[in-house]
Amino acid sequence: MSSQIGPKEPAEQVPAWPGEEPLGTRAAARDPVADPGVPPHEYRVQDLDGRAAKRSERTVALVFTVSMAATVGFIAAFVAFPPDKIVYVWPLGRVSALNAGLGVTLGIALFCIGAGAVHWARTLMSDHELVQERHPVTARPEVRRRVLTDFGQGARESQLGRRKLIRNTMFGALVMVPLSGAVLLRDLGPLPEDKLRHTMWAKGKLLINENTKQPLRPADITVGSLAFARPEGLEEDDHDFQAAIAKAAVMLVRLEPGDIKDKRELDWSHEGIVAYSKICTHVGCPVSLYEQQTHHVLCPCHQSTFDLSDGARVIFGPAGHPLPQLNISVNKDGYLEARGDFAVPVGPAFWERG
Ligand code: FES
């Protein structure tokens, strides 16, 4: 049985102004671009059928209930997942279970609130069209006549129409003058091209100890210590020293090879010695606080924390990417050397990686 909750009579015609004919019936023939007005109101099935309205009500309630359940899931994920638990989620790969759980449940909760509100508004709330009265925006006829008269008089007195040479050169000058600003853009400096993607590191470059300025040997890196290095050939009095060291600075740590969880990290290490960029991938502070027991390294600026035993994965803080690893080995003289440049750009993650 259906119950009618909306009127059955034909859609009412809404007059634009008192005394005018309804907007929806204006004859377009009188004016080919006439305002078509508000179309006749169409009732929704929920306006005419009480059971359909009830179904919509239940749907909205269900979506809001899913939102509530997702919020409970958010709290449960926060309590249940330890910060360092990693899970595989297709297609994202290995991600923090805590971050994934919080993100998914909060996303569902917010989406369902929005979806429920939209469905409620579209199916159950009143959808009567309203006409908003506004004052006419056109000027009074005498004002328009006066403006046109003044404009015509000004055009005649300036002789713009008669002096075509002046008119055309003036338009040319107006078009050309913004070019001065465009040319000045060159003074913003040379384009960075791909300089941000590369550092001084290259195959065979020795790792030079930042303190002693001597090439590093594996024996110089003891378990638990943190050493800093720069590429061979980079000196303080080089004119681009600051720019080069800001990209090339690395830190070295010796781990027990068995503690290294990431296979590529192990392949790129030497006897457990790993070399990582010292530049935080958040906004570029030097990362330098190393915790021997956990192999975590902390950026002092905003507390981004990276796990050096697991590919320098971010385990806390705002950094968006792991620290880039430098592939190292030992040369025939027993010194640590790079096997090439970093595989990804170093530093802040807002430089798109490719
Ligand atoms: S710069 Fe390292 S956390 Fe912000």
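Reader: Leaving aside its neighbours within four places in sequence, which residues is Asp310 in contact with?

Author: Asp310 is in contact with Lys261 and Asp262, once its neighbours within four places in sequence are set aside. Keep in mind that this is a predicted model.

Reader: Ok, and where is Asp310 found?

Author: Asp310 is found in the loop between strand 9 and strand 10. Asp310 has 19 other C-beta atoms within 10 Å, so it is partly exposed.

Reader: What about Ala312, where does that lie?

Author: Ala312 lies in the loop between strand 9 (305–307) and strand 10 (313–316). Ala312 is not a glycine, yet it has a positive phi of about 55 degrees.

Reader: Is Ala312 buried or exposed?

Author: Buried, because Ala312 has 25 C-beta neighbours inside 10 Å, and 20 or more is what a residue needs to count that way.

Reader: Which other residue has a positive phi without being a glycine?

Author: Lys213 is one of them, with phi near 65 degrees. Lys213 is found in the loop between strand 3 (207–209) and strand 4 (226–231).

Reader: And is Lys213 buried or exposed?

Author: Exposed, because Lys213 has 10 other C-beta atoms within 10 Å, and 12 or fewer makes a residue exposed.

Reader: Let's zoom out. How many helices and strands does the protein chain have?

Author: The protein chain has 8 helices and 13 strands. Of its 354 residues, 20% count as buried. If you take contacts between residues at least 6 apart in sequence, 55% of them join residues at least 24 apart.

Reader: How do helix 2 and helix 3 cross?

Author: Helix 2 covers residues 50–80 and helix 3 covers residues 97–123; their axes come within 8 Å and cross at roughly 165 degrees. An angle over 145 degrees counts as roughly antiparallel, so that is how helix 2 and helix 3 run relative to each other. Their crossing is left-handed. The residues of the contact between helix 2 and helix 3 divide into 17 nonpolar, 10 polar and no charged.

Reader: Which residues does UniProt list for "transmembrane region"?

Author: The unreviewed UniProt entry lists residues 60–81, 101–121 and 165–185 under that name. In this model, residues 60–81 are 95% helix and 0% strand, with the end C-alpha atoms 31 Å apart. Residues 101–121 are 100% helix and 0% strand, and there the end C-alpha atoms are 30 Å apart.

Reader: New topic. Which peptide bond is cis, with omega near 0 degrees?

Author: The bond from Trp90 to Pro91 is cis. Pro91 is found in the loop between strand 1 (86–89) and strand 2 (93–96).

Reader: Last one: where does Leu206 lie?

Author: Leu206 lies in the loop between helix 6 (178–184) and strand 3. Leu206 counts as partly exposed, because it has 19 C-beta neighbours inside 10 Å. Beyond its neighbours within four places in sequence, Leu206 is in contact with Pro215, Glu232, Tyr335, Leu336 and Glu337. Leu206 and Gly233 are 27 residues apart in sequence and 8.8 Å apart in space, C-alpha to C-alpha.

Conventions:
Residues numbered from 1 in each chain as written. Predicted model: local features only at pLDDT ≥ 70, side-chain atom pairs only at ≥ 80, totals over all residues. Axes fitted to C-alpha atoms, helices over the stretch in contact; angles between N-to-C directions. Helix = DSSP H or I, 4+ residues; strand = E, 2+ residues; numbered from the N terminus. Parallel < 35°, antiparallel > 145°, perpendicular 65-115°, else oblique. Left-handed = near helix turned anticlockwise from the far one by under 90°. Nonpolar A, V, L, I, M, F, W, Y, C, P; charged D, E, K, R; others polar. UniProt positions renumbered as here; feature names shortened; annotations may be inferred. Contact = placed C-beta atoms within 7 Å.
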